[in-house]
Amino acid sequence: MAEVKDTATFRVKAGLAEMLKGGVIMDVVTAEQARIAEAAGAVAVMALERVPADIRAAGGVARMADPTKIEEIQGAVTIPVMAKARIGHFAEAQVLEALEVDYVDESEVLTPADESNHIDKWAFNVPFVCGATNLGEALRRIAEGAAMIRTKGEAGTGNVVEAVRHMRAIQGEVRRLGSLDPAELPSAAKALQAPLDLVRMVVEKRGLPVVNFSAGGIATPADAALMMQLGAEGVFVGSGIFKSEDPERTANAIVEATTHFDDPARVAGASRDLGAAMAGIEIAALGDDGLIQTRGW
Amino acid sequence: MTIGVLALQGDFEAHADLLAALGADARAVRTPEELSDLDGLVLPGGESTTMTLGIERERLAGPLRELIRSGTPTLATCAGLIVLDRQHLGILDVTTRRNAFGRQVRSFETQIDLAGMPGGPLCAVFIRAPWVEEAGPGVEVLAEVDGHPVAVRQANVLAVAFHPELTEDTRLHRWLLDSVSAPRARTAA
């Protein structure tokens, strides 16, 4: 058969995010952790050199993971493997595409490589997920070609407060747009610093035109349930799993709570006897210079 | 008419939206209790590993088998096809190969003809898709890509490796609803 196959269409890129919905994407730094994540029911893993909590602790410049590490993780699991490139670092993204990772996260968790421009994601066959703290930022990333959005939260803190702030910001702005007269949308687009066609799409869909997960600070099953009830379509858990006392049980529990997010009895069951969650950091203690979420333009 | 959509994880909402647009009631299924009094069933796309673990955790395997084997019209897409194969629920007499077309950069869309489906070719979106490696005698192959079956039918079950729910084409969902309405001369898988 000689079918014409169209690869890398936006539908194909955004479609993989559709398949991840209702699931948990877990940060892993070794093949062994990737296997634990997969066995616990993760829908994908994020292959990293260090989890955000350790990036925070180590300081210095955080970069794309070593290709050998990414390949080890790809070899260990059959679920999708994502990896992070620095904001604006299209050469790192090219490397990740050459490695055939399933999604590139252009991530503020790594040290930005360009303080004005994000990667032109339309130029790639591999799909991209990007962070956002509000609707305008999300739509700018989509305009650049992102096929999936995640709210940023504050990575590596184990503190869900910023994840909540960003999800509420996006959902609130979506609701507000829905209340506007069509004649008011151009002005709204200008205020959001986002393209008008995408703003119209948000009004029509009553939501983002791509899948939106929550990230940055989710550490417990109840955190996951909270974000899902606030409108997340799935969650990224970074340090929250492998910095907890019992990663295997914590991973299973967060998966279960994400599926049954609207059933408190099930979330209660999943929350039982997990041991200590990751320690966590008060956001105010980070100071303005310690914030990761402000990276990205 | 109530159609259950397995909602442990995956693109179950896309299926539910299509079914609702066709006038059916879609019910998200996460527990065995939610399988009662269903007229039809959809197993959506998603991650088959995650879905399989969820089926185990929720003790859904037995009730799902019973429902489908009793003749309930069933539509399965992508991960749903894998979940029904010999290695998983054992409903379809097929073996599947996961991620058969390769990683995400090789995912694609194409036009395919489905045997017995009027209305011309349909747009088929393949995302890290499986194919059918081997099929038993009771399995009818409806379409192939690269020489591998990507759409099969066995009695009351239609299973495809692609995602009609990500397109505007409602023919497969209509097939499901028509099968529910048809006189109950159905044979179980």
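This is a predicted model: local features need pLDDT of at least 70, side-chain atom pairs count only at pLDDT 80 or more; totals for chains, interfaces and linings use all residues.
A disulfide is a covalent bond between the sulfur atoms of two cysteines. For B:Cys123, which takes part in no disulfide, the nearest cysteine sulfur belongs to B:Cys78 and lies 14 Å away. With a relative accessible area of 16%, B:Cys123 is classed as buried, because the cut-off for that class is under 20%. A:Cys130 is likewise buried, its relative accessible area being 1%.

The largest nonpolar core comprises 60 residues, and those with the most contacts inside this core are B:Leu84, B:Ile112, B:Leu114, B:Phe126, B:Val150 and B:Phe162. Helix H5 of chain B, which spans residues 171-181, supplies the largest share of this core, namely 5 residues. Apart from this core lies another, made up of 51 residues, including A:Ala47, A:Ile79, A:Met167 and A:Val267. When neighbours within four places in sequence are left aside, B:Ile112 is in contact with B:Pro121, B:Leu122, B:Ala124, B:Ala143 and B:Val145, and also with B:Val150 and B:Phe162.

Helix H5 of chain B also packs against helix H1 of the chain (residues 12-21), at an angle of about 65° and with the two axes 10 Å apart. The crossing of H1(B) and H5(B) is right-handed. At this crossing, B:His15, B:Leu18 and B:Leu19 from H1(B) meet B:His173, B:Leu176 and B:Leu177 from H5(B).

Elsewhere in chain B, strand E1 (residues 2-6) contains B:Gly4, a residue that counts as buried because its relative accessibility is 0%. Although 36 residues separate B:Gly4 from B:Gly40 in sequence, their C-alpha atoms are 6.3 Å apart in space. Once residues up to four places away in sequence are excluded, B:Gly4 touches B:Arg27, B:Val29 and B:Leu38, together with B:Gly40, B:Leu41 and B:Val42.

In chain A, A:Arg56 is located in helix H3, which covers residues 52-58. The side chain of A:Arg56 is joined to that of A:Glu154 by a polar contact of 2.6 Å. Beyond its neighbours within four places in sequence, A:Arg56 is in contact with A:Glu154, A:Ala155, A:Gly156 and A:Thr157, and additionally with A:Ile281, A:Leu286, A:Gly290 and A:Ile292.

How values were computed. Residues are numbered from 1 along each chain as its sequence is written. Chains are lettered from A and ligands numbered from 1 in the order in which they are written. Side-chain values use heavy atoms; hydrogens and water are left out. A nonpolar core is a set of buried Ala, Val, Leu, Ile, Met, Phe, Trp, Tyr and Cys residues joined through side-chain atoms within 4.5 Å. Buried means under 20% relative accessible area, exposed over 50%, partly exposed in between (1.4 Å probe, protein chains only). Helices (H or I, at least four residues) and strands (E, at least two) are DSSP runs, numbered from the N terminus. Contact means heavy atoms within 4.5 Å. A polar contact is a pair of N or O atoms within 3.5 Å; within protein, one must be able to donate a hydrogen and the other to accept it, and residues adjacent in sequence count only if both atoms are side-chain atoms. A disulfide is a pair of cysteine sulfur atoms within 2.5 Å. Axes are lines fitted to C-alpha atoms, for helices over the stretch in contact, and angles run from 0 to 180 degrees between N-to-C directions. A crossing is left-handed if the near helix is turned anticlockwise from the far one by less than a right angle, and right-handed if clockwise.
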